[in-house]
Amino acid sequence: MRSRLLALLLATACMALPAAAQTQSEIRIGLGDDPGSLDPATNASFVGRIVLQSACDKLVDIDVDGNIVPMLATSWDWAADGKSVTMKLREGVVYHDDTPFDAESAKGNLERYLTMQGSRRRPEIEAIEKVEAIGKDTIKISLKEPSVALLALFTDRAGMMVSLAAFEKAGVQAFANRPICAGPYRVADFKPQQSVTLERFPKHWRASAYSFDRVTFEPFPDSNVRLLNLRSGRLDLIEQVAPTSLASVEADPNLRITVGQQPAFTMIQFNLTAPRASEAFAKHPEVRQAFSLAIDRTALNQVVFSGRYVPGHQPFPPGNFWFDETSPAPQPRDVARARALLRQVGVPNPTLELLISTNSEHMEVAQVVQQMVAEAGFRMEIRTMEFIAMRNAALQGNFQAYMVPSAGRVDPDLNISLFIACGVANNVGKYCSQELDGLLAQGRAVADRNARKPIYQKAVQTIQRDAPIIFLFNQRSAFGHKAVVQGFKGFPDGIVRLEGVTKVAGR
Amino acid sequence: MASANAPAPASPGARVWRRLRRRRGAMVGLFVILTVAIVAALAPWIAPYDPVLQSWTTVRKPPSAAHWFGTDELGRDIFSRIVHGARASMLAGVISVAIAIAIGVPLGLLAGYVGRWVDVVISRVTDALLACPFLILAIALAAFLGPSLTNAMIAIGVTATPVMIRLTRGQVLAVRSLDYVDAATSVGNPPPRVALRHILPNVLPALMVQSTLVLASAITSEASLSFLGLGQQPPAPSWGSMLNTAQRSLTTAPWIAVWPGAMIFVTVLSFNLLGDGLRDALDPRSR
């Protein structure tokens, strides 16, 4: 009797297994880090944005060219003075707990970001003065001062809508592990430092555009390990393939590379305030210009990144809408002019200590720069620090110059003002130019992007003239995926979007 | 008369050397250590290239006649960097151990010989320091002092000190109750003289063995700290920092990681082999 029961169980299991495999399609994605909190209000990581993109729909999104397109808001109108925007919301949308998304909910969400303790969205959207719900499906957002960049922020976590009822019920901690949003997938399981599993949400307003029943994200901080897991078949898609590994992935017929075109950049920020600053660099813009002129960005890109990044010297890479074409890209190296500038201000051998993170890529960049600028007469030393310690040292002004990457923002204002406008937290070098701030304020007040462009060109030229920061290169995020994963596109914000992505042949 | 014809008794040093020579592992270890030490001392004359000079046209080239160990991610000669990196490793090992001995042995001697509250204070502080894992403590200290090879050596030395204190104290406690110490005290020798002339020399063998083992872990710690960016600062070479930058090219240019990895392995193994051999050779029970 017992053996018969066992046989029956085995037979049932054998029948059930292939059936489950056929109906359940899954994509496994390797991330560079653990996402941290999954509450859009408190999340602070780039990989967190990748996970949340599939779980939490936003008011607006971007298309593959970086244009802002409808998502939970179907249309919007800016007031003529740029101080308010009225957004029409999508009807019939429900959160993962079946509560409806409407104007009241959108208003409550924005207020939560502005008032919640520990909200990381507050500094981003503090230009908001008030939010009003007009009827069931319209909100009006009034601003303290004009800021068309607000919409770009709504394409990120500040625009993600969550069920406020679920947040109240779960509390801050539990909600950070299992947010209830209105995205195509709901968070089924989150094991910090291990995995995040998302399940299809059948009531999503565009459920049919998503082909996978299950999405699993796993963190693998080492890029080699991430790539090996892709090669072995454990993962279907990985982010941040190291530039030096790209050639080998391209040579593999089972793998594909998709490159994101985000306006990312890596810069050196100079400290312009005593007592810690290098005097020559703080006093003379010519010294900083000479430093920039002594760098051969093309060679740098070739040596360290096998030519896979863009050797730009603006916050936008060539080809990006906001790129200033009047300035040659890359800036040609001119050691003779650099030397002449140094002689002109009477400092032929300025010294500089460059603070960098222990990231091996940055260590290579710093050493190449060190050798290049030495030819112009600079005596540069390198100091390495763990990333968080480096950031803290920079925030405390305890540095002469430091190298830091930015993942890039789709709106030009956010790509400049967040680290160089007078008095902002990330402006660690304490550069302050009324001229630049004036241009940035002007740019924020204009909604038409063709009219905005000349303003940001002038802003970039001002930065290049004063050189409180210099741009070294524009990095590009490369995704590696199996050839069977089709329809995957690189977006300008470097985020994985699963809409329209499929795995062919049921594999 | 018979005693006059017998060979003169060998000195303790010669006896230890004779016993050590019989242990093949220890001799291999000693040979490797001496080689690395000579290479480190003569680095500028041995290295065929400048270890920090980049050559952007010969990036990530595999081993060849021109570059025996290949070139690294910035076109620098790996052999030259390994040779110069040996300096950082040997220096870190020797200086860290010297710091640990300079602080640890006097404190251990004091705790063991004086006893009472002095022993209680020193021993409890030692216990507290030993409760923290070696590398974690070294990382914390190095981070606190700021990143540089000198600070890394200080951090490693201070971290290795508690082991030296405890070992010295234990040995002193074992030796101080022996008859010859009582005799030295009873003939009127002052306590400092008893401690330094009669106790310390008998504690030395155990300290020598421990020093070789601490040297090995100091070299690993220096590599770990440099790997984490807390030791030798770029572009100066260190085996640890070389391993860090090699990470990026692990699949495409594995030789960049293999050489520094192999050197750390071989050097640390050699110190451990020598330490084991010394322990056996210094043990009066072994013949």
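Author: Let's start with a definition. A helix axis here is a line fitted to C-alpha atoms over the stretch in contact, and the angle between two axes runs from 0 to 180 degrees between their N-to-C directions. Two packed helices are described by that angle and by the distance between the axes. One thing to keep in mind as you look around: this is a predicted model.

Now find helices H8 and H10 in chain B. H10(B) covers residues 191-227, while H8(B) covers 149-176. The axes of H8(B) and H10(B) come within 9 Å and cross at roughly 155°. Angles over 145 degrees count as roughly antiparallel, so H8(B) and H10(B) are roughly antiparallel to each other. The crossing of H8(B) and H10(B) is right-handed.

Next, zoom out to chain B. Of the 287 residues in chain B, 47% are buried.

Which helices build the patch? Helices H5 (78-114), H7 (134-145) and H8 (149-176) of chain B each supply at least two of its residues. H5(B) gives the largest share, with four residues. With a relative accessible area of 36%, B:Leu145 is partly exposed, and patch residues need over 30%.

Side chains of opposite charge can pair when their charged atoms come close. Over all chains, the count comes to 42 salt bridges. Look at A:Glu218 and A:Arg28, whose side chains meet in a salt bridge at 2.8 Å, N to O. A:Glu218 lies in strand S10 (residues 214-219) of chain A and A:Arg28 in strand S1 (residues 26-31), so the pair ties together parts that are 190 residues apart in sequence. Are these two buried or exposed? A:Glu218 is buried, at 7% relative accessible area, and A:Arg28 is partly exposed, at 25%. Both belong to a network of salt bridges that also links A:Glu26 and A:Arg234.

Here's another pair for you: A:Asp102 and A:Lys136 meet in a salt bridge at 4.0 Å, N to O. This pair also links distant parts of the chain, 34 residues apart: A:Asp102 is in the loop between strand S5 (84-89) and helix H3 (103-115) of chain A, and A:Lys136 is in the loop between strand S6 (128-134) and strand S7 (138-143) of chain A. A:Asp102 is buried, at 18%, whereas A:Lys136 is exposed, at 60%.

One last pair to click on is A:Glu124 with A:Arg121, which form a salt bridge with their closest N and O atoms 3.1 Å apart. A:Arg121 is buried, with a relative accessible area of 3%.

Note on methods
Residues numbered from 1 in each chain as written. Chains lettered and ligands numbered in written order. Predicted model: local features only at pLDDT ≥ 70, side-chain atom pairs only at ≥ 80, totals over all residues. Heavy atoms only, no water. Buried < 20%, exposed > 50% of the residue type's maximum accessible area, 1.4 Å probe, protein only. Parallel < 35°, antiparallel > 145°, perpendicular 65-115°, else oblique. Left-handed = near helix turned anticlockwise from the far one by under 90°.
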